[in-house]
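I am opening a notebook on this protein and will write down what I look up, entry by entry. The sequence and the structure come before my notes.

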Amino acid sequence: MKKEHAVNKMTTYYKSSTSLEERDLRGGGYEPELHYPNWRRVHKPIDRHHVLLDSLTKLMDGVNDTNSGTDKWLSRLENSNWMNNIKETLNCACLVAQCLDQEGASVLVHDTDGLDSTIQVTSLAQIILNADCRTVRGFEALIEREWIQGGHPFATRHARSCYTPSAQRSKSNSPTFLLFLDCVYQIHAQFSCSFEFAENFLVMLFEHSYSSQFGTFLGNSEGERRGLQAQERTSSLWSYVNRPEVLPKYLNPMYEPNQRVIWPSVAPMSLQLWASVFLRWVVDQAPQEAAWSVVRELRERDSSLRSRVARLRRQLQDLEREAVEVGIISPPTEVEVV
């Protein structure tokens, strides 16, 4: 397995610096180690499905309780276990990325129950390792490739929200995609200049994954979308976002292309509650949005001024060259340094 293709769709994972011929992988649990000579198995605890939905429910109950004191509010946040889910998912993704980047090892990621945690881990590992995945089009391609074409059942997972009574929920309901976006937000917050898209781009994806006028997240699979004629009857979210008049509002004004691997911290003090999603109805987000508007205007003005300076320098060079040709000024002489 080559390094650039080493992250496969799985979540309890094995790693090795030697190659391994393909074997029949049977679903459920994991296979005996004797089937994987020279490989090391590493287990990472990642919650999934209804456990995540219960965690999100506790989180939302806590953050929406504006009458509780600081201690109680923080206690409910901790007891929801949502931040711990972020930490464990990021920790697993960092370990996969470390095996690939620093050890040059092949990695097989395997989930004992479905593909939810698998897609989370492999997608995050690619964001850590590949700078292209941190651009708008690269991130769109990542979601299209790993989540949509990979068969993540958006319709089933999002059929019930955290506000649905427990009796009406199914074990198949889960905010898997939201947890992934939250993990991306944590990386984005630590390396804000390394992402071409702004935070509101992630918020927009969260909203459209649950309710959208576009067909991108429709159904549970490509087969269902073909059956629903989604391509003929709906528009793609990507085609809308990438329009010249729409895309600028989702761009990060502080973006500086960074081709290096980025290593997010999973220490408690490095992780933060995603206020733009979980506190949007509790804390006024207008001041933050206004501040980013000012930053965007300043960056646009800086770019405009730099372009003007470059244009004036070219004009000055052309004028100097013409002045030399007609004899108005003498050509510059080279000074020899002894």
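Predicted model: local features only at pLDDT ≥ 70, side-chain atom pairs only at ≥ 80, totals over all residues.

**Entry 1: the whole chain.** I then went through the secondary structure and found 13 helices and three strands. Of the 338 residues in the protein, 42% are buried. When I took the contacts between residues at least 6 apart in sequence, I found that 75% of them join residues at least 24 apart.

**Entry 2: the core.** Which residues have the most contacts inside the largest nonpolar core? This core has 69 residues, and I noted Phe139, Phe180 and Phe278 as those with the most contacts inside it. Helix H3, residues 82–101, gives the most to this core, with 11 residues. In general, nonpolar side chains in soluble globular proteins tend to be buried together. I then followed Phe139 and, leaving out residues up to four places away in sequence, listed what it touches, including Phe180, Phe197 and Phe201. Among the other residues that Phe139 touches are Ile127, Leu181, Val184 and Leu205, and I also wrote down Asp132 and Cys133.

**Entry 3: an aspartate in a loop.** Is Asp65 buried or exposed? I located Asp65 in the loop between helix H1 (50–63) and helix H2 (70–80). Asp65 counts as buried because its relative accessibility is 18%, which is under the 20% cut-off. Not counting residues up to four places away in sequence, Asp65 touches Lys72, Trp73 and Arg76.

- The side chains of Asp54 and Arg169 meet in a salt bridge, at 3.2 Å from N to O. Asp54 lies in helix H1 and Arg169 in the loop between helix H6 (154–157) and helix H7 (176–190), so this pair ties together parts that are 115 residues apart in sequence. Asp54 is partly exposed, with a relative accessible area of 34%, whereas Arg169 counts as buried at 16%.
- Arg145 forms a salt bridge with Glu146, and their closest N and O atoms are 3.3 Å apart. I found Arg145 partly exposed, at a relative accessible area of 36%, while Glu146 is buried, at 9%.
- Arg306 forms a salt bridge with Asp302, the closest N and O atoms being 2.9 Å apart. Both Arg306 and Asp302 lie in helix H13, four residues apart, which is about one turn of the helix. Arg306 is exposed, with a relative accessible area of 58%, and Asp302 counts as partly exposed at 35%.

**Entry 4: a surface patch and a recorded region.** Which residues make a nonpolar surface patch of about 330 Å²? I found that Trp281, Val282 and Val283 make it. Val283 has its place in the loop between helix H12 (275–278) and helix H13 (286–325), and at 40% relative accessibility Val283 counts as partly exposed. I also checked the record: in an unreviewed entry, UniProt lists residues 295–329 as "coiled-coil region". Over residues 295–329 I found the chain to be 89% helix and 0% strand, with the end C-alpha atoms 44 Å apart.

Note on methods. Residues numbered from 1 in each chain as written. Heavy atoms only, no water. Helix = DSSP H or I, 4+ residues; strand = E, 2+ residues; numbered from the N terminus. Buried < 20%, exposed > 50% of the residue type's maximum accessible area, 1.4 Å probe, protein only. Contact = heavy atoms within 4.5 Å. Patch = residues over 30% accessible without salt bridge, like charges linked within 9 Å, V, L, I, M, F, W, Y side chains within 5 Å. Areas by Shrake-Rupley, 256 points an atom, 1.4 Å probe, with all protein chains shown as cover. Salt bridge = Lys/Arg side-chain N within 4 Å of Asp/Glu carboxyl O. UniProt positions renumbered as here; feature names shortened; annotations may be inferred. Core = buried A, V, L, I, M, F, W, Y, C linked by side-chain atoms within 4.5 Å.
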